[in-house]
Amino acid sequence: MAKGKKQKEQEHHNDLLENPEALADQLSKTEQFVENNKTLVLGIGILLLVLVGGYFGFETYKKSQNEKAQNEMFQAIYYFESDSLDLALNGDGINLGFKDIIDEYSITSAANLANFYAGAAFLKQGDYKSALLYLEDFSADDLLIQARAYSLMGDANMELENYSKAADLYKKAASYKENKQFSPRYLMKAALAFEYAENIEAAKESYETIINEYWDSSEVQNAKKFKARLEKAAS
């Protein structure tokens, strides 16, 4: 039955392509439908125009908001780099801080980046739980900054003595778009976190990864030394 129906549909399709009269008849039916359903067709057309216009309007608004947020954030970044962390987070009464930018420009990529800076600032201040809240709200495709965010989250968990969680985050940082410059550094941190978590096999595995895959990195000698220490302690 299904095969017969499909064959009939194909024949009808071919008939429309090859038979001008059949095609004209089909167009006539379409015109009749439009004539009989003017309100419906008009409504659908208006809806499509509203949706398309709304999308492009929102994108234009979002772009303008992002430009404003970037300009507002310039002073906050200056304060952050100067270690004036309270001013960086909360503003100075004239210029907005990272927290204000996140609240006022939440739809922008600048607010997303402000989450990273706010998390890093709270980490420096020793407020590790707040640091995690902001860093967890940050995401990016950038090779360096996303891996760095995972590493900072690992640092916060280390301070909170969540060693296994910290190790997982360091490994996540190491494996994010792996590279010879930063991956071995994060693997060293992961190995140390695993040691604190008393997961010695996982620690040795991290050291081995550095030795075997990043043998030309500056971390390789320490990786060999620390791995040998663990093996000696186990013997």
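Mentor: Happy to! Let me start with a term: contact means heavy atoms within 4.5 Å. By that rule, and leaving aside residues up to four places away in sequence, aspartate 155 touches Leu123, Tyr170 and Lys189.

A word on the source: this is a predicted model, where local features need pLDDT of at least 70, side-chain atom pairs count only at pLDDT 80 or more, and totals for chains, interfaces and linings use all residues. Residues are numbered from 1 along each chain as its sequence is written, and side-chain values use heavy atoms, with hydrogens and water left out.

Aspartate 155 sits in helix α8, residues 143–159 (helices are DSSP runs of H or I with at least four residues, strands are runs of E with at least two, and both are numbered from the N terminus). Its relative accessible area is 18%, so aspartate 155 is buried (buried means under 20% relative accessible area, exposed over 50%, and partly exposed in between, with a 1.4 Å probe and protein chains only).

Now to the salt bridges: the structure holds 9 of them, each defined as a side-chain nitrogen of Lys or Arg within 4 Å of a carboxyl oxygen of Asp or Glu. One of them joins aspartate 216 to lysine 180, with 3.8 Å between the closest N and O atoms. This pair links distant parts of the chain, 36 residues apart: aspartate 216 is in the loop between α11 (200–213) and α12 (220–234), and lysine 180 is in the loop between α9 (163–175) and α10 (183–196). With a relative accessibility of 43%, aspartate 216 counts as partly exposed, whereas lysine 180 has 56% and is exposed.

Another salt bridge brings together the side chains of lysine 227 and glutamate 208, at 3.9 Å from N to O. Here too the pair links distant parts of the chain, with lysine 227 in helix α12 and glutamate 208 in helix α11, 19 residues apart. Lysine 227 is buried at 15% relative accessible area, while glutamate 208, at 33%, is partly exposed.

Lysine 227 also forms a salt bridge with glutamate 231, whose closest N and O atoms are 2.7 Å apart. Lysine 227 and glutamate 231 are 4 residues apart in helix α12, so about one helical turn separates them. Glutamate 231 is partly exposed, at 36% relative accessibility. Put together, Glu208, Lys227 and Glu231 are linked in a network of salt bridges.
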